[in-house]
Amino acid sequence: MNKSKLKTMRESFHILEERRNNLMEYEATKKLMDRVKKIRENSISNLDNLIKTAKTNFETNGIDFIFAEDSKKALSEIYKLVKDETVVAKSKSNTIFEIGLTTFLEDKEIEVVETDMGDRIVQLDPESRAPSHPIGPASHLNVEDIAQIVSEKFIVEIEPDPHAIIKVIKTDIINELSHCKIGITGANSIAAEDGSIILVHNEGNISLLSMQDLHIVVVGIDKLVRTIEDAISVVKLETIFATGTTVPAYMNVISSPSKTADIEQVLIEDMYGAKKVVVIMIDNGRSEASKKCRECLLCIGCGSCVVSCPVYNAVGYDFGYRGYLGGRGIALSRFIENEKTCFEGGLFFCTLCGLCTLDCPVEVPTNEMIEKLREDSVKSGFFHKKHYDIVKKIKKTGQPF
Ligand code: SF4
Ligand code: SF4
């Protein structure tokens with residue numbers, strides 16, 4: 001990320017940090033943090049049961065459930081569902097980014113339209129390789145940058161004015177959606193015992209996607225919790241730490257395809273919303289992570305850690321793996337991919353300062369996870385030669401120089 005983008009990103013983060021810090025001090029927030037940490041601990045300890053429970057209850061509710069042990073299986077299952085389309089629309093989702101769905105579908109000549117404003121801007125920018133924050137993907141672009149990107153894309157002169165920019169992008173997305181029959185989203189939480197998908201958003205785009213004929217939900221097993229009440233607690237805390245507000249504009253709970261029983265209590269499907277809902281639940285290394293680095297799965301995806309991280313503030317999305325940014329993202333990449341990816345994503349960038357844990361709602365001990373992963377990485381031969389030279393010098397002369 002270049003210097004100007006890093007500066008813009010830091011300024012955006014500063015605003016976010018101030019809003020978040022105000023709410024962090026509330027007693028209600030502290031109680032919610034305790035509650036959610038216990039919910040997440042419990043989920044990680046019961047992943048196998050939660051997966052089985054979710055499958056049973058989704059199917060009872062009329063939602064198709066597909067378990068994908070890895071990205072390849074997830075992509076092939078999604079392709080079976082979308083192969084007859086020329087365009088699909090999606091929301092912001094790290095899990096969708098993780099499996100490389102957009103590139104996969106574009107290679108098969110299926111256009112993928114981002115419906116989240118920030119993600120659409122990043123998609124239109126040839127220089128942005130990744131989102132810079134899980135909730136604010138375009139945090140690294142200022143209004144002038146965005147006006148230029150949008151002007152070039154749509155071949156119109158657009159003033160550096162947020163309203164003007166939004167109007168153009170919104171009109172384009174709505175136009176694209178009118179050709180679309182399939183909406184693909186992630187999920188913020190999954191309530192296994194209720195068979196419900198919980199989605200939060202501010203723009204309203206996810207509501208539009210969930211009203212397409214087919215709604216595909218791509219979600220990792222780490223989003224599983226027991227009940228809707230637990231899920232709401234998780235997404236409420238995520239919202240506080242991600243945006244510095246107590247509630248999002250929209251909180252969708254989806255527990256079946258659209259239906260009515262208004263005529264003689266006979267259940268008829270296919271009303272205004274999706275005719276079919278399919279949950280693709282992905283493991284992709286998370287089961288292994290639950291055994292070897294379980295705290296990694298405590299994460300609720302708020303992005304608060306990257307706002308606080310001195311390294312992320314200095315280098316941006318070059319410290320991370322796809323949408324999983326900063327130290328925690330690097331730790332997860334070890335299990336989603338392998339030690340090489342983890343090393344290349346910045347395993348040795350982290351200063352082990354622990355600031356991210358202080359600002360994490362569920363106290364993910366990122367510095368401790370990184371230390372352990374480094375030990376394993378060195379044993380496997382993934383380390384920087386300079387570090388090795390320094391160790392040799394210390395051993396030989398008692399000092400590093
Ligand atoms: S590690 Fe903590 S602060 Fe970072 S995204 Fe996850 S929950 Fe949020
Ligand atoms: S411990 Fe590492 S990942 Fe966490 S804030 Fe410090 S440098 Fe960033």
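Visitor: What distance separates the centres of domain 1 and domain 2, taken over C-alpha atoms?

Guide: Those centres are 26 Å apart. This is a predicted model, where local features need pLDDT of at least 70 and side-chain atom pairs count only at pLDDT 80 or more, while totals for chains, interfaces and linings use all residues. Residues are numbered from 1 along each chain as its sequence is written, chains are lettered from A and ligands numbered from 1 in the order in which they are written, and side-chain values use heavy atoms, with hydrogens and water left out.

Visitor: How do you know where domain 1 and domain 2 lie?

Guide: Domain 1 covers 3-284 and domain 2 covers 303-394; such bounds come from an automatic or database domain assignment. Between them, 30 residues of domain 1 are in contact with 26 residues of domain 2, contact being heavy atoms within 4.5 Å.

Visitor: Why is E264 called exposed?

Guide: Its relative accessible area is 73%. Exposed means over 50%, buried under 20% and partly exposed in between (1.4 Å probe, protein chains only), so with 73% E264 counts as exposed. E264 lies in the loop between β10 (259-260) and β11 (268-269), where helices (H or I, at least four residues) and strands (E, at least two) are DSSP runs numbered from the N terminus. E264 is not a glycine, yet it has a positive phi of about 55 degrees.

Visitor: And what makes R322 partly exposed?

Guide: R322 has a relative accessible area of 35%, so it is partly exposed. Its phi is positive too, near 50 degrees, in a residue other than glycine. You will find R322 in the loop between β13 (320-321) and β14 (324-325).

Visitor: Why does Q212 count as buried?

Guide: Q212 reaches 10% relative accessibility and therefore counts as buried. Q212 is in the loop between α10 (205-210) and β7 (214-220). Beyond its neighbours within four places in sequence, Q212 touches L177, C180, K181, I182, G183, G273, A274 and K275.

Visitor: Why is F383 called partly exposed?

Guide: F383 has 30% relative accessibility, so the label is partly exposed. The residue belongs to the loop between α18 (366-379) and α19 (385-397). Setting aside neighbours within four places in sequence, its contacts are F343, F348, V378 and Y388.

Visitor: What makes helix α16 mostly covered?

Guide: In α16 (residues 339-346), 6 of the 8 residues are buried, and these are E339, T341, C342, F343, G345 and G346. The cover over them includes β13, α15 (326-336) and α18.

Visitor: Where does ligand 2 sit, and what makes that site a cavity?

Guide: Ligand 2 sits in the largest cavity. A cavity is a set of points, on a 1 Å grid over the protein atoms alone, where a 1.4 Å probe fits but cannot get out. A molecule sits there if more than half of its atoms lie within 2 Å of the grid points. The elements giving two or more residues to the shell around ligand 2 are α14 (310-315) and α17 (355-358).

Definitions and conventions. 1 Å grid on protein atoms, 1.4 Å probe; cavity = no way out; pocket = protein on both sides within 12 Å on 5 of 7 lines; lining within 4 Å.
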